[in-house]
Amino acid sequence: MTVQVLVVVTYLLVLVAIGWYSSRRSTGTAEDYFLAGRSFGGIVLFMALFGTNVTAFGMLGFPGFVYREGIGAFGFFGAAAALISPLLFIVLGYPIWNVGRRNGYITQSQMFADRWGSQLVGFLFFALPTFYTFLYLSVGVLGGALAVEEIAKIPYVVAAAMVTGVAVLYTALGGMRGTAWTNVFQASVFLLFLVVACIGIAHSLGGGAHLHQRLVVEAPEALARPGAGILSPASWAFGFLVGPASVIAFPHMFMRLLAARDMTSMRRTIAVYPWALMLLFVPVTLIGLWGRVAEPGLIGKEADRILPLLVEAHLPTWLTAVGLAAVLAAVMSSIDAQLLSLSTMFTVDVVGRGKQVQVWPGRIALLLVAMAAFLVAWWRPASILKMALYIFSGYTLLIPIMVAAFFWRRSTALAAVLAIVAGHVLLACYYSGALLGDAFELSLPTFGVLPVVWCLLVEVVLLLLVSLAFGGQDNAGADRFATPFQGAGR
Amino acid sequence: MRWFAWGAVVGLLVWHNLPGPAQPQTKAYFGWIPAELLHTVGWVGIASVVLWLVLRCTWGTTR
């Protein structure tokens with residue numbers, strides 16, 4: 001226990017020290033605080049995006065998923081994430097960065113309001129990402145605190161306060177630069193730990209070859225891809241929409257993309273991204289598979305404990321402590337980015353609207369948002385963990401509008417507004433039970449696919465029909481979004 | 001070239017995501033890496049190289 005406390009306290013102090021050091025490099029301007037002066041080179045940009053993208057699910061939920069579903073889980077989630085995310089960084093991430101840099105945008109609301117010359121579009125791109133990101137942040141704090149409580153055996157509320165408090169401290173100190181530099185450290189911690197843990201667990205259990213032979217004999221079904229249940233063709237076809245694809249619509253990823261220094265940074269990040277995700281997903285897949293024979297009999301959510309169980313049973317105490325720090329790293333590297341993006345949206349889109357943006361309201365907003373998320377996590381509403389699918393589906397519904405902004409000149413503000421409202425209202429109807437309680441469950445038909453598929457269909461059809469019917473008039477915003485791939489230099 | 005690259009990426013995504021054989025694949029490379037896992041990593045590797053080509057085609061000509 002003493003070793004665990006020592007390692008975790010050291011880890012947290014390193015984060016605060018990085019936040020403090022990065023604050024000393026700040027020029028004090030709003031753009032420097034919120035976007036690090038758009039100065040991220042390849043390594044920092046990559047680690048900031050990667051660290052933000054990887055949550056506790058990657059370290060705890062995914063090995064449990066593999067434990068339950070077998071090796072097919074790797075292709076279903078890991079491989080899809082390794083390709084879809086970088087693909088969307090090319091298709092949308094690069095235009096976001098390029099057009100954002102040319103016009104000085106900081107938030108999604110600024111960018112898309114300007115595209116169609118519509119404050120209503122701007123409001124929707126403020127309200128919806130704020131709503132989903134606040135829910136996502138609360139789920140992150142809650143899930144992270146539960147994981148820390150489980151592994152470190154410390155009270156849940158203390159764990160939630162620790163995770164939120166330290167993230168607030170270094171984010172308020174260092175802003176975007178502070179969170180990105182801490183993400184470099186955090187991503188290094190959890191990637192290195194997973195590789196070392198995978199090797200250590202295999203060694204302790206008699207070696208990888210021995211474990212594979214045991215799998216063949218004791219749990220051969222884990223090595224098959226029968227295409228049933230959650231891995232059915234319908235899930236395979238659309239599963240990427242609520243996981244890897246939604247990433248590009250996260251406001252915290254949007255702002256990190258805007259912080260890139262140049263095209264070379266973007267290109268290097270995208271080239272390395274699939275390999276980094278493989279480095280993450282291969283060890284956790286092996287750990288999930290080996291867990292089937294090393295700790296058989298875990299049912300349902302119990303399977304999500306497979307990594308901590310194997311780590312505790314087969315690795316030395318000090319490495320177990322590093323494992324706890326690695327889980328904290330995965331949790332906090334997402335929470336800090338979400339906190340910063342929410343405070344940035346509040347400061348730029350609400351407080352600083354139409355005037356000079358200041359840094360201090362951002363720090364106050366950061367504290368208020370963190371306190372609200374902590375209170376939600378403390379309250380622990382029963383339905384919040386069921387909302388993950390709803391949150392990611394909501395982000396996904398922003399993507400067609402983003403695509404239209406960059407690649408369809410004829411699209412109109414009216415079409416964008418109607419499409420966004422219709423898609424998100426339909427989504428809320430599908431998830432009415434999770435949002436308002438089981439009594440309000442509407443039980444709409446899904447015809448065997450994810451609800452987001454029907455919401456996307458409604459959204460895209462409305463966007464097309466209304467734009468074709470009433471479109472055709474260009475505005476200055478369309479000109480600013482023209483040629484999104486050009487003019488960036490090297 | 002650009003459209004070929006896009007087609008290859010989409011094709012690879014669909015292909016590697018199709019449900020595989022129902023029978024367990026017991027083969028392992030080096031005795032410990034399940035063949036299924038390494039094959040998927042291989043497909044991701046190929047697709048990521050194609051992505052890189054897309055990147056070059058899309059951005060390399062737009063300076």
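This is a predicted model: local features need pLDDT of at least 70, side-chain atom pairs count only at pLDDT 80 or more; totals for chains, interfaces and linings use all residues.
## Overall architecture

Chain A is built with 21 helices and 0 strands. Its radius of gyration is 22 Å, close to the 23 Å that the globule rule gives for 490 residues, so chain A is as compact as a globular protein of that length. Taken along the principal axes, the box filled by the C-alpha atoms of chain A is roughly 70 × 55 × 50 Å.

Of the 490 residues in chain A, 57% count as buried. When contacts between residues at least 6 apart in sequence are considered, 84% of those in chain A join residues at least 24 apart.

## An enclosed helix

Helix α11 of chain A spans residues 251-258, and because 8 of its 8 residues are buried, this helix is largely enclosed by the rest of the structure. The buried residues of α11(A) run from A:P251, A:H252, A:M253 and A:F254 to A:M255, A:R256, A:L257 and A:L258.

The cover over these buried residues of α11(A) includes α2 (30-35), α3 (42-53), α5 (72-103) and α6 (108-116), together with α7 (119-152) and α14 (317-351) of chain A.

## An exposed loop residue

A:P316 lies in the loop between α13 (306-314) and α14 of chain A, the latter helix being among those that cover α11(A). With 11 other C-beta atoms within 10 Å, A:P316 is classed as exposed, since a residue counts as exposed at 12 or fewer.

A separation of 45 Å lies between the C-alpha atoms of A:P316 and A:V449, two residues that are 133 residues apart along the chain.

How values were computed. Residues are numbered from 1 along each chain as its sequence is written. Chains are lettered from A and ligands numbered from 1 in the order in which they are written. Helices (H or I, at least four residues) and strands (E, at least two) are DSSP runs, numbered from the N terminus. The radius of gyration is taken over C-alpha atoms; the globule rule is 2.2 Å times the number of residues to the power 0.38. A residue is buried if 20 or more other C-beta atoms lie within 10 Å of its own, exposed if 12 or fewer, and partly exposed in between; C-beta atoms are placed from the backbone. Two residues are in contact if their C-beta atoms, placed from the backbone, lie within 7 Å.
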